[in-house]
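Take a look at the model below before reading on. The text then walks through its fold and a few of its residues.

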Amino acid sequence: MIKKSIHLLMLAAMLAGLLSLTPAQPVRAASLVVDTLVDENDGSCVDGDCSLRDAVAFAGGGDVITFSVTG
């Protein structure tokens, strides 16, 4: 019984070691498109309209904000 427990602990330690060696996935920056001149603040850029205020509030580090408005 003790031998089986030691084998399980060794297996768990090796698995944890292998998982720590896997490369981290890169974080992809979001691209937010401001497409309205209306100054709204609903906290969403996925509802069909994205104001500059929403884009700035929603953006994180490395995100890109572009503009597609007329006026």
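What follows goes from the overall fold to single residues.

This is a predicted model, in which local features need pLDDT of at least 70, side-chain atom pairs count only at pLDDT 80 or more, and totals for chains, interfaces and linings use all residues. Residues are numbered from 1 along each chain as its sequence is written, and side-chain values use heavy atoms, with hydrogens and water left out.

Start with the fold. The protein chain has 2 helices and 2 strands. Along the sequence they follow the pattern α-β-α-β. Helices (H or I, at least four residues) and strands (E, at least two) are DSSP runs, numbered from the N terminus.

Now turn to the strands. Strand 1 (31–34) and strand 2 (residues 64–67) pair in the parallel sense over 4 bridges. Pairing requires that DSSP finds at least two bridges between two strands. V34 has F67 in strand 2 as its bridge partner. From strand 1 the chain crosses through helix 2 to strand 2, and this β-α-β crossover is right-handed. The term means that, with the strands pointing away from the viewer, the path from the first strand over the helix to the second runs clockwise. In a regular strand the side chains alternate between the two faces of the sheet.

Next, the chain as a whole. Of its 71 residues, 14% count as buried. Buried means under 20% relative accessible area, exposed over 50%, and partly exposed in between (1.4 Å probe, protein chains only). The protein chain exposes about 5,800 Å², and carbon and sulfur atoms supply 66% of it. Such areas come from the Shrake-Rupley method with a 1.4 Å probe; for residues, only the protein chains shown count as cover. Contacts are defined by heavy atoms within 4.5 Å. Among contacts between residues at least 6 apart in sequence, 42% join residues at least 24 apart.

Which side chains meet in a salt bridge? The structure holds 1 salt bridge. Its partners are D39 and R53, at 2.8 Å, N to O. D39 lies in the loop between strand 1 and helix 2 and R53 in helix 2, so the pair ties together parts that are 14 residues apart in sequence. The criterion is a side-chain nitrogen of Lys or Arg within 4 Å of a carboxyl oxygen of Asp or Glu. D39 counts as exposed, at 53% relative accessibility. R53 is partly exposed, with a relative accessible area of 43%.

Stay with R53. Leaving aside residues up to four places away in sequence, R53 touches D39, E40 and N41. R53 and V38 are 15 residues apart in sequence and 9.4 Å apart in space, C-alpha to C-alpha. N41 also lies in the loop between strand 1 and helix 2. N41 is exposed, at a relative accessible area of 56%.

Finish at the surface. L37, L52, V56, F67 and V69 form a nonpolar patch there, with about 480 Å² of accessible area together. Patches are made of residues with over 30% relative accessible area and no salt bridge: like charges are joined within 9 Å, nonpolar side chains (Val, Leu, Ile, Met, Phe, Trp, Tyr) within 5 Å. V56 counts as exposed, at 53% relative accessibility. Another member, F67, is the bridge partner of V34.
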